[in-house]
Structures are given as structure tokens and as C-alpha cells.
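Let's take a friendly look at a protein model together. Keep the picture in view as you read.

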Amino acid sequence: SAYDFETNTYTIAATEFIKDTIEELLFTSVHEGGHRDLTRMVDKSFFEKETKRLLLNVVEDPRVNNWESKRYKGVEKMMKASYAHYFPKDDREKWSNEKVLPHEQFGAALIYEWAYGVPCPSVQDPVVLEVLDKTRDAAKRAYNLIPQTLFPSEGLKLKLAVESTKIIKEEILPEYEKLVQMSKDIIKQKLKSGKGMGDGQADGGGRPVPSELLDEESEKILEGRAKKLADQFEGKVRQNS
């Protein structure tokens, strides 16, 4: 699903009508409407790369959900049903297998902790856990920056967006980028050995990627995966023109 600020259009993929429950569809509609109401893109640098958009989404989505839960009765129930579908509470394997990159584990762990109030059991990478420890409080402060009145002015919405974005950029992004670099290095090693990522992306057919192409190919795979995951996290937020 996605909300396009330029055309004032909300789109739900046909497949969502098939696989999602009524509660999930309603929550998705409320969530995207919440982005239109509260989200303000105050720093275009987050759209330079999909890996950065992914980070923005995993903090901005909880912020919007907190806002919609405050505004409307019943949203929290729909929200829990929706997130249980994407992030099963007792799943100890989804985000821990070798196909999941460090920065992807981080994004999933942040959303999981927001949704359930406890650490994600399937994220066990010590480096990821260390980054989570360093950034957890900052993330909480960011997605709790919502209006305390049900009828906030545009000026207040903008002010809160600026504050939230500043926290993400100054306190979370530097640590997150360390994980992004780790992820890229992992992809490089797999491409260099000819193993690929095992997910249909540049598997190399068992042939190692030449050294001079490693950086370009690993970046392509990294950003492609980030785009897919950012969209999956129900927060395909586009720039507000």
C-alpha cells in the first residue's frame, strides 16, 4: 500500500485484498491516512538511498501509529492484528537466518520492540544488539513525538517532524550506517565467492563477480533489498511536495 502526496491518492495492491483480513485492510488505510496527516518530509537526504528510507520508515511508522491510536478508538486492536501477521510474536527464526542482513535485522527489531514492548527474540547478532542498545531510547523519543491535542496546527506538525527527523539523523543514523556497511561487506564476500545472496539476487550462477564490479553490484543488491523491505514495512512514504 502507498499514499502519494502529489496526487492525493491512496493505493492498495489487489493482492492485499486477497491475503489480508478486514482488520488488516482497515488498519492499512488508517495508517496511510495517518502519514498524510502527520508525516512531513523535512530532510530530503533520507530519499538519497533506499537504505536511509528504510530507517526513516521504521521510526516514522510507529510515530504515525501512535498518533492514529490516540485519535481513533479501535485502531490499537487492528494494529496488533496487522503487525502479528508481519512480525509473529514468538517467531525465533524469521530475522535470524543468514539471508537477513545486519541492517535489516535492526529495522525489524525496532518495529518488533515497538509493537510488543520486548526485544525481538530472533535477532541475536551481537553487533546488531549493540547498535539497538545505543539507539533504542532515541527511537522511542522519536516515535513518541506526536501532538498532545487532537486538532494540532500545521505548525505543530511540522515542528514535531523536524524534532523527530533530527533525532533519527543525529542519534540513530550514524550507528545504523555501520550496519549498512557490514551488510554491504557481506554481500561483497558472497559475490566474490560466487555464492550470491541465495535469494535469487545476483547468485552468480556459481561464478565469482570480478573485483572491479564488486562495489557496484553489492550496492545494487543492498539498495534493492532495502526498497523491498521498506515497502513491506507498510510505510511507503513519499516526499511531501
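Is Tyr-112 buried or exposed? In this predicted model, Tyr-112 is buried, because its relative accessible area is 3% and anything under 20% counts as buried. Tyr-116 has a relative accessible area of 22%, so this residue is partly exposed.

These two tyrosines make a tilted aromatic pair, with 4.6 Å from centre to centre and 50° between the planes. Both sit in helix α5, 4 residues apart, or about one turn of the helix. An α-helix has 3.6 residues a turn, so residues three or four places apart point the same way.

The model has 2 aromatic pairs. In the pair of Phe-106 and Tyr-176, the ring centres are 5.8 Å apart and the planes meet at 45°, so this pair is tilted. Here the partners come from distant parts of the chain: Phe-106 belongs to helix α5 (residues 102–116) and Tyr-176 to helix α7 (residues 154–193), 70 residues apart. Both Phe-106 and Tyr-176 are buried.

## Where α2 crosses α4

Now find helix α2 (residues 22–38) and helix α4 (residues 75–86), whose axes come within 8 Å and cross at roughly 110°. The two helices are therefore roughly perpendicular to each other. The residues of this contact include 8 nonpolar, 2 polar and 3 charged ones. On the α2 side they are Glu-23, Glu-24, Leu-26, Phe-27 and Val-30, while α4 residues among them are Val-75, Met-78 and Tyr-83.

Helix α2 itself has 17 residues and reaches 24 Å from its first C-alpha to its last. Its buried residues include Glu-24, Phe-27 and Val-30.

Conventions:
Residues numbered from 1 in each chain as written. Predicted model: local features only at pLDDT ≥ 70, side-chain atom pairs only at ≥ 80, totals over all residues. Heavy atoms only, no water. Axes fitted to C-alpha atoms, helices over the stretch in contact; angles between N-to-C directions. Parallel < 35°, antiparallel > 145°, perpendicular 65-115°, else oblique. Contact = heavy atoms within 4.5 Å. Nonpolar A, V, L, I, M, F, W, Y, C, P; charged D, E, K, R; others polar. Expected span 1.5 Å × (residues − 1). Buried < 20%, exposed > 50% of the residue type's maximum accessible area, 1.4 Å probe, protein only. Phe/Tyr/Trp six-rings, centres within 6.5 Å; stacked < 30°, edge-to-face > 60°.
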